[in-house]
Amino acid sequence: MTTHQDSTKQAFRSGFVAIIGRPNVGKSTLINQIIGQKIAIMSDKPQTTRNKIHGVYTTDSAQIVFLDTPGIHKPTSKLGNYMIKAADNALSEVDAALFLVDVSEGIGGGDRFIIEKLKKTATPVVLVLNKIDKVHPEQLLGIITQYKDLHEFAQIVPVSALLGSNVDTLLEQLLPYMPEGPQYYPADQVTDHPEQFVCAELIREKILHLTREEIPHSIAVEIEDMRVQDNGVVYIGAVIYVERDSQKGIVIGKSGALLKEVGKQARADIELLLGSRIFLELWVKVKKDWRNQDRMLKDFGYRHE
C-alpha cells in the first residue's frame, strides 16, 4: 500500500521565471500580487525597478522563483546600461518568461523591440495582457490577434495585476514549464533579498511618490545601520543619496516636512515587512553624478553579473 502511494505521488516542480516588459506596465504590481506582500516597489514612474527582485511562490507541489527585471528601455546613463543588461541576462537564466504588456495602450516600439529579443531565445514565453480592467472585454480579442501576428507565444493570459484578476490562472499555466526539482527556499520565504535591501527599496518608493516630477531617478538609498535595540525596537539608519544640492533641498522639504513624511510612510511599510516596531532615521547626502560612476554603482549594489 505504501509503495502504491509513493508511486502515484506527484513529483515536486520548481523553476525560475523572468517577468519582462516595457517600463511601467505593472511588473512589480504582479510580483507583489503573486507573492501576497510588498517586496517590489511600485511607482507610476518608469524604470522604478533596478535590481532583479526574486519573489518566491510556494505551494505543496511546486515552487516558482520570479525575477522582476528592470523595464527595457533606451539607456541614457551607466545605470541605464546596467538595467538593460540585467533584463537581458534574466532571459538566459530561467525556465520560462512572462512578457507583460499594458492592454490599455497600443503596441508600441518598445513592445516590438522586446519581441525581437524574445525571438532570439529558446525560453518559453507567456504573454501576459495586463490592466484588462481598463479595457472593454470585446477589445481583448483584437489585441490578442495583434500580438499573435508578431510572435508565437507559449500561452496568452489576460490579467489585472492590480485587482488580482486571473492571476491564479496565470500560475496554473506556468506550472507545466517548471521542471521536476527541489524546493530551493523554505515555504515561508518570499524573497531571497536581505531585509536591508527591501527596506531601502521601500524608502526609495516613498521618495519617488512624494516628490512626483521634481526628482528623476537620481536617488539611491543605503541602509547604513540596522539592529535590534534592547527594547525590542529595530533601529534603521538610512542615507538617501541625490546627485545635486537642489535635489537635497527638495527631498528634505520645507522645515524637513517632506523627509518626515517619507519616514512616516516608509516606517509603516517596513513594520509590516519585519513584523516589529522600528525607529527609522534618515539622512540626505549629495553624491554628484553617481549614476555614471562605476564605483558608486557598485557601492549601491548595481552589478552586471
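In this predicted model, helix 7 and helix 9 cross one another in a right-handed sense. The two helices span residues 195–211 and residues 257–274 respectively, and their axes come within 9 Å of each other while crossing at roughly 140°. With that angle, helix 7 is oblique to helix 9, because an angle has to be over 145 degrees before it counts as roughly antiparallel. On the side of helix 7, the contact is formed by Glu 195, Val 198, Cys 199, Leu 202, Ile 203, Glu 205, Lys 206, Ile 207, His 209, Leu 210 and Thr 211, and these residues meet Leu 258, Glu 261, Val 262, Gln 265, Ala 266, Asp 269, Ile 270, Leu 273 and Leu 274 of helix 9. When the residues of this contact are sorted by class, twelve are nonpolar, three are polar and five are charged.

A second pair of helices was examined in the same terms. In general, two packed helices are described by the angle between their axes together with the distance between those axes. For helix 2, which covers residues 27–35, and helix 6, which covers residues 167–174, the axes come within 11 Å and the crossing angle is roughly 85°. Helix 2 and helix 6 are therefore roughly perpendicular to each other, since angles of 65 to 115 degrees are placed in that category. Their contact brings Leu 30, Gln 33 and Ile 34 of helix 2 against Val 167, Leu 170 and Leu 171 of helix 6. Of the residues in this contact, five are nonpolar and one is polar, and no charged residues take part.

Helix 2 itself is mostly covered, with eight of its nine residues buried. The buried residues are Lys 27, Ser 28, Thr 29, Leu 30, Ile 31, Asn 32, Ile 34 and Ile 35, and among them Leu 30 and Ile 34 also belong to the contact with helix 6. Just after the end of helix 2, the backbone at Gly 36 adopts a positive phi of about 95°.

These elements belong to a chain whose secondary structure comprises ten helices and nine strands. When contacts between residues at least 6 apart in sequence are considered, 72% of them join residues that are at least 24 apart.

Conventions: Residues numbered from 1 in each chain as written. Predicted model: local features only at pLDDT ≥ 70, side-chain atom pairs only at ≥ 80, totals over all residues. Heavy atoms only, no water. Axes fitted to C-alpha atoms, helices over the stretch in contact; angles between N-to-C directions. Helix = DSSP H or I, 4+ residues; strand = E, 2+ residues; numbered from the N terminus. Parallel < 35°, antiparallel > 145°, perpendicular 65-115°, else oblique. Left-handed = near helix turned anticlockwise from the far one by under 90°. Contact = heavy atoms within 4.5 Å. Nonpolar A, V, L, I, M, F, W, Y, C, P; charged D, E, K, R; others polar. Buried < 20%, exposed > 50% of the residue type's maximum accessible area, 1.4 Å probe, protein only.
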